[in-house]
Amino acid sequence: MTRSALVVNGMVKRFAVRDRGVRAQLTAVDGVDLTLAPGETVAVVGESGSGKSTLARCIARLVEPDAGRVMLDEVDLTGLRRRSLWQAYQRLQMVFQDPMTSLNPQMTVGETIDEPLRLHSRRSRQERRARVEELLADVRLDAALLGRYPRQLSGGQRQRVAIARALAVDPTYLLLDEPTSALDVSVRGQVLDLLSRLREERGLGYLLISHDLSSVRRMADRVLVMYLGSVVETGRTEDVFTNPQHPYTRALLSAAMSTQYGTTTERIRLRGEIPSPVHLPAGCRLASRCPEVQPSCHTARPPLLTVSGGPHLVACPVVLSGHPEVLSSIA
């Protein structure tokens with residue numbers, strides 16, 4: 001385990017549901033591992049319902065995981081009680097998808113950014129006011145907005161306020177849950193530029209949840225591809241985009257006009273229905289939709305193993321069958 005890093009081991013989250021009138025378990029996140037270092041951006045991508053946002057919320061303990069650990073500088077956040085967890089939040093903050101719902105409509109911009117300072121620091125009121133103005137300047141907002149309410153701001157301004165609020169306690173890591181998806185296209189690039197600058201200036205580590213693959217390629221150092229709660233491929237961003245191994249990754253990239261990334265020249269379509277997260281198949285979860293499916297795909301869940309140069313891992317029986325050296329290493 002890497003010291004001075006955010007490390008997630010074996011994260012599992014299931015939700016109690018009723019399936020045809022019977023109590024059942026819906027698997028949202030199933031055995032996810034990841035490591036995030038300061039100054040690094042790790043992106044998590046996948047279709048809606050793949051478990052991306054639930055993973056981030058489990059890391060922040062906004063949703064309590066059923067299994068797994070979240071280690072921050074060798075401290076297990078999943079075992080912390082309220083007061084200790086409160087202190088840990090000074091290192092770990094979250095920026096949500098829609099700032100209109102994540103900001104309190106009854107608090108002004110100044111009150112919103114001041115609140116974490118008031119709760120987590122011993123600064124005087126004057127010192128906090130000065131710090132709030134510094135934070136506004138950091139996210140390129142004018143101090144004239146201090147007295148305004150969220151409804152009086154544009155979408156881009158609201159998200160900048162949310163980022164300033166997250167930065168107020170000087171965190172090491174930000175969990176960014178689709179931070180630009182609720183914004184106009186013209187504003188998205190500005191917010192991404194802001195996040196890139198803040199990362200460089202502050203050495204922040206970002207866990208970026210996104211479905212915008214162009215933003216992922218622009219921002220991320222590494223990528224995790226999730227499907228039905230599990231990671232099916234992970235590696236350096238450029239490796240995954242230029243040499244995708246898993247059929248699901250190739251389909252995902254092709255659906256996002258991946259010809260500009262040099263990965264394929266035609267759209268790869270996955271046929272059939274996505275399996276129910278209540279009744280997951282025993283083998284590869286993509287088997288019922290995969291254009292490269294083999295009989296072995298239905299028998300056992302494939303492990304996530306390194307199949308090419310560098311830290312590039314994939315969970316696919318077909319890909320692994322072409323790498324006998326990998327299979328022999330676990331025999």
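This is a predicted model: local features need pLDDT of at least 70, side-chain atom pairs count only at pLDDT 80 or more; totals for chains, interfaces and linings use all residues.
1. Start with strand 8, residues 205–209. Five of its five residues are buried, so the strand is largely enclosed by the rest of the structure. If you look at which way the residues point, Gly-205, Leu-207 and Ile-209 go one way, while Tyr-206 and Leu-208 go the other, and all are buried.

2. Now for the neighbours. Strand 3 (residues 41–45) pairs with strand 8 in the parallel sense, over four bridges. Strand 7 (residues 173–177) also runs parallel to strand 8, and five bridges join the two.

3. To follow the chain into strand 8, trace strand 7, then helix 7 (residues 185–202), then strand 8: together they make a right-handed β-α-β unit.

4. Elsewhere, have a look at helix 4 (residues 109–120) and helix 5 (residues 125–138). They pack at an angle of about 115°, and their axes are 9 Å apart. The crossing of helix 4 past helix 5 is right-handed.

5. Who touches whom there? On the helix 4 side the contact uses Val-109, Gly-110, Ile-113, Asp-114, Leu-117 and Arg-118, and these meet Arg-128, Arg-131, Val-132, Leu-135 and Leu-136 of helix 5. By type, the residues of this contact split into six nonpolar, one polar and four charged.

Methods
Residues are numbered from 1 along each chain as its sequence is written. Side-chain values use heavy atoms; hydrogens and water are left out. Buried means under 20% relative accessible area, exposed over 50%, partly exposed in between (1.4 Å probe, protein chains only). Two strands pair if DSSP finds at least two bridges between them. A crossover is right-handed if, with the strands pointing away from the viewer, the path from the first strand over the helix to the second runs clockwise. Axes are lines fitted to C-alpha atoms, for helices over the stretch in contact, and angles run from 0 to 180 degrees between N-to-C directions. A crossing is left-handed if the near helix is turned anticlockwise from the far one by less than a right angle, and right-handed if clockwise. Contact means heavy atoms within 4.5 Å. Ala, Val, Leu, Ile, Met, Phe, Trp, Tyr, Cys and Pro count as nonpolar, Asp, Glu, Lys and Arg as charged, and the others, Gly among them, as polar.
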